[in-house]
Amino acid sequence: MAVIETYPPQQQHRQYSINPVKFTLWLFLVTITMMFAGFSSALIVQWPDAIANGTWAHFHIPVNFTISSAIIILSSISMQWAYFAAKKNELTQNKIALSITLILGISFIISQLMGYKAMVAENVHLTGLVKEGSRMVSPISGSFFYLISGIHALHVIGGVIFLAFTLISSLRFRVHSKNMLRINLCTTYWHFIGALWIYLFVILNIYS
């Protein structure tokens, strides 16, 4: 008689299981990537025609956006510090690193708002007419910049809220080596929006 080996259900599926929350996050990140890829493609495709038609007004990107780029890089470093600290059960360092990341995240948003204020002062608006030579045109350069950077800023605000809840969990000693899910998700999302901004900043500088 043949012997059929059986295994407990958890052993049969253990190596194939994936946390549903992580899977949902990655699906969300893929969606964001596709959205900004669409924005980038539209910018690149529209740029030559807009130049030819005189509907592209070149403008200088305020230094605030360069500062915010440095801020987001520093925040990514502190976020990784927080993750490693939690993994090693260095809970005090974890709280400090998360606090620094939260402050930097808020600073990024403030820097972006100051950048928009500087753009308005230079007469670069989301919509409206400007004088280009002897005619009035509606440039799309400012529209692209506000749209792309603004939607990214909204995702950063979402990340800051996520960071705040993660910090609260850390203060309640719910973030440690045996409970890494929240900080794992937060770290993944924060690194993603940081890398995304650097990419967008380079594209926006090239086509400004």
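Trainee: How many aromatic pairs does a search of the whole structure find?

Mentor: The search finds eleven aromatic pairs. Keep in mind that this is a predicted model.

Trainee: What makes tryptophan 47 and tyrosine 207 an aromatic pair, and why is the pair called edge-to-face?

Mentor: Their ring centres are 5.1 Å apart, and rings pair if their centres lie within 6.5 Å. The planes are 80 degrees apart, and an angle over 60 counts as edge-to-face.

Trainee: Which parts does that pair tie together?

Mentor: Tryptophan 47 belongs to helix H2 (residues 20-53) and tyrosine 207 to the segment after helix H6 (181-206), so the pair ties together parts that are 160 residues apart in sequence.

Trainee: Why is tryptophan 47 called partly exposed?

Mentor: Its relative accessibility is 27%. Buried needs under 20% and exposed over 50%, so a value in between is partly exposed. Tyrosine 207 has 18%, so it counts as buried.

Trainee: What about isoleucine 206: buried or exposed?

Mentor: Isoleucine 206, which is in helix H6, has a relative accessible area of 52% and is exposed, because the cut-off is over 50%. Its C-alpha atom is separated by 9.8 Å from that of isoleucine 44, 162 residues away along the chain.

Trainee: How do you know that the span of H2 agrees with what its 34 residues should give?

Mentor: At 1.5 Å a residue, H2 should span 50 Å, and its end C-alpha atoms are 49 Å apart, so the two agree.

Trainee: Where in H2 does the kink lie?

Mentor: The kink, of about 35 degrees, lies at tryptophan 47, shortly before proline 48.

Trainee: Which residues of H2 are buried, and what covers them?

Mentor: Among the buried residues are Leu25, Leu29, Ile32, Phe36 and Phe39. The cover includes helix H5 (141-171) and H6. As for the spacing, an α-helix has 3.6 residues a turn, so residues three or four places apart point the same way.

Trainee: What is found at the start of H2, and what follows H2?

Mentor: At the start, a side-chain oxygen of asparagine 19 comes within 2.8 Å of the backbone nitrogen of valine 21. Glycine 54 follows H2, and its phi is positive, near 75 degrees.

Trainee: How many helices and strands are in the chain?

Mentor: There are six helices and two strands. From the N terminus on, they run α-α-α-α-β-β-α-α.

Technical notes: Residues numbered from 1 in each chain as written. Predicted model: local features only at pLDDT ≥ 70, side-chain atom pairs only at ≥ 80, totals over all residues. Heavy atoms only, no water. Phe/Tyr/Trp six-rings, centres within 6.5 Å; stacked < 30°, edge-to-face > 60°. Helix = DSSP H or I, 4+ residues; strand = E, 2+ residues; numbered from the N terminus. Buried < 20%, exposed > 50% of the residue type's maximum accessible area, 1.4 Å probe, protein only. Expected span 1.5 Å × (residues − 1). Bend = angle between axes of the 7 residues up to and from the residue. Contact = heavy atoms within 4.5 Å. Polar contact = N/O pair within 3.5 Å; in protein donor to acceptor, adjacent residues only side chain to side chain.
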